[in-house]
Amino acid sequence: MKIDGKSTRTIWLAEDGQGVEIIDQTRLPHELVTVRLETLADAAHAIKAMLVRGAPLIGATAAYGMALTARANASDMALTVAYNILHATRPTAINLKWALDEMIKALAGVPEDKRAEVAYARAAEIADEDVAINSAIGDNGLDLLHDIWARRRAEGAERLNVLTHCNAGWLATVDWGTAIAPIYKAFDAGMPIHVWVDETRPRNQGASLTARELNWHGVPHTVIADNTGGHLMQHGMVDCVIVGTDRVTRNGDVCNKIGTYLKALAAADNNVPFYVALPSPTIDWSVADGVKEIPIEERDATEQTHMTGKAADGSIVTVQVVPDGSAAGNWGFDVTPARLVTGLITERGVCAASPEGLSELFPERG
Ligand SMILES: CSC[C@@H](O)[C@@H](O)C(=O)COP(=O)(O)O
């Protein structure tokens, strides 16, 4: 997508063809800073400390982490160690394991002196594939939005209101985003679309990242406190919900940023369609029951006890928002059972969140 008219991705190969550059998302929304990754340690740190985040971007960064490793030492031992280090960075997004497995597959049988070249090429492909997949998700989601908008316009609505949670826009992927891709395509097609952006405590990916990118693109949006969605739905102010996901099980259960489940419950209670947008590498075919089987990341409690933002003098400050001595819990994700999901928007089309729905779109896996 574009920043100040310049096409930008979240990750790209540096001009020298060796280092990898990323947007440091911990500095957004107030500062746009790029960081150069040179080593496996740099890539692992970027994922763990969330300079990059969002399931597809975590996968693409891990792929480049393997390429950076191969440049320094392409032995079997070095690649195995790199796989394990990168895999341990974040536990929930399955795209991480998917990308690492793709890299191992690409390198299988390749002589050691050719591995770096092959690894860089496969990492670049993974990044390019992500862009193409997300654009297709955008097209498939756009068809849905057209249908919903046609109905709402006939009822006299003046705009289409979509609610989203966390950041599943282009900053969470290599480009386009998943949940936000249909919104960009609808906006570009002239649909009067407006986005309710859940702030997404504790790390505020909605307020900091989704709002930032919608703002860059000029899409009308309003940031709301996480607890506001239910109220808006009761008053007919949300026409549909679209969120992204870190892992979808073969039964159609959806793991996404903490708070997604509560939005799905409110949507079901108010007959608001609840869609989940995902690239196929986000499907974990080895897992059936999301609540029981998906590991949920627990992060440092300081993300809950403190908030960072811009002070009146323009400086970036971190402040404590709970009393000294209060304990805080910080679960990063929750699972929305398939029964609460209206449909899954994938690069191959839209399907029911069910084993049958998924295997119809992905018969080779079903
Ligand atoms: C297209 S991104 C889908 C998900 O990864 C996104 O909704 C999300 O929950 C991101 O969580 P984060 O903790 O910021 O990596």
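With 8 C-beta neighbours inside 10 Å, Asn271 counts as exposed; the burial scale calls a residue buried if 20 or more other C-beta atoms lie within 10 Å of its own, exposed if 12 or fewer, and partly exposed in between, with C-beta atoms placed from the backbone. The structure is a predicted model, in which local features need pLDDT of at least 70 and side-chain atom pairs count only at pLDDT 80 or more, while totals for chains, interfaces and linings use all residues. Residues are numbered from 1 along each chain as its sequence is written. The domain assignment gives domain 1 (2-128) and domain 2 (147-361), with bounds that come from an automatic or database domain assignment. Helices (H or I, at least four residues) and strands (E, at least two) are DSSP runs, numbered from the N terminus.

**Ligand shell**

- The ligand has 17 residues around it, of which Arg53, Ala55, Ala172, Gly244 and Lys257 come nearest; a residue is near a molecule or strand if its C-beta atom, placed from the backbone, lies within 6 Å of it.
- Each of domain 1 and domain 2 contributes at least three residues to this shell.
- At least two shell residues come from each of helix H2 (55-72) and strand S11 (254-257).
- By residue class, the shell holds 6 nonpolar, 8 polar and 3 charged residues; Ala, Val, Leu, Ile, Met, Phe, Trp, Tyr, Cys and Pro count as nonpolar, Asp, Glu, Lys and Arg as charged, and the others, Gly among them, as polar.

**Contact between the domains**

- The centres of domain 1 and domain 2, taken over C-alpha atoms, are separated by 25 Å.
- Contact involves 23 residues of domain 1 and 28 residues of domain 2, where two residues are in contact if their C-beta atoms, placed from the backbone, lie within 7 Å.
- On the domain 1 side, H2 and helix H4 (94-107) each supply at least two residues, and H2 gives the most, with 5 residues.
- That side of domain 1 consists of 13 nonpolar, 7 polar and 3 charged residues.

**Sheet S3-S4-S5**

- Three strands form an open sheet in the order S3-S4-S5, with antiparallel pairing; two strands pair if DSSP finds at least two bridges between them.
- Strand S3 (11-13) and strand S5 (34-37) are the edge strands, each with a single partner, so one side of each lacks a neighbour in the sheet.
- From one strand to the next, the twist averages 25°; axes are lines fitted to C-alpha atoms, for helices over the stretch in contact, and angles run from 0 to 180 degrees between N-to-C directions.
- Antiparallel pairing of S3 with strand S4 (residues 20-23) extends over 3 bridges, and Ile11 stands opposite Ile22 in S4.
- H2 packs on this sheet, touching S3, S4 and S5, and its direction makes about 25° with that of S3.

**Sheet S13-S10-S11-S16**

- This open sheet has 4 strands in the order S13-S10-S11-S16, and its pairing is mixed.
- Strand S13 (283-284) and strand S16 (333-336) stand at the edges with a single partner strand each, so one side of each has no neighbour in the sheet.
- Strand S10 (residues 247-249) pairs with S13 in the parallel sense over 2 bridges, and Val248 stands opposite Ile283 in S13.
- Helix H9 (residues 260-269) packs on the sheet, touching S11 and S16, with its direction at about 30° to that of S16.

**Buried elements**

- In strand S7 (residues 193-198), 6 of the 6 residues are buried, so the strand is largely enclosed by the rest of the structure.
- Ile193, Val195 and Val197 lie on one side of S7 and His194, Trp196 and Asp198 on the other.
- Strand S6 (residues 160-164) runs parallel to S7 and is joined to it by 5 bridges; Val162 has Val195 as its bridge partner.
- Helix H6 (residues 181-188) has 7 of its 8 residues buried, and the elements covering them include S6, S7 and helix H5 (115-154).

**Backbone exceptions**

- Most residues other than glycine have a negative phi, and most peptide bonds are trans.
- The peptide bond from Leu28 to Pro29 is cis, with omega near 10°, and Pro29 is placed in the loop between S4 and S5.
- Arg201 and Pro202 are also joined by a cis peptide bond, with omega about 5°.
- Asn204 has a positive phi of about 65° and is buried, with 22 other C-beta atoms within 10 Å.
- Asn271, in the loop between H9 and S12, has a positive phi near 55°.
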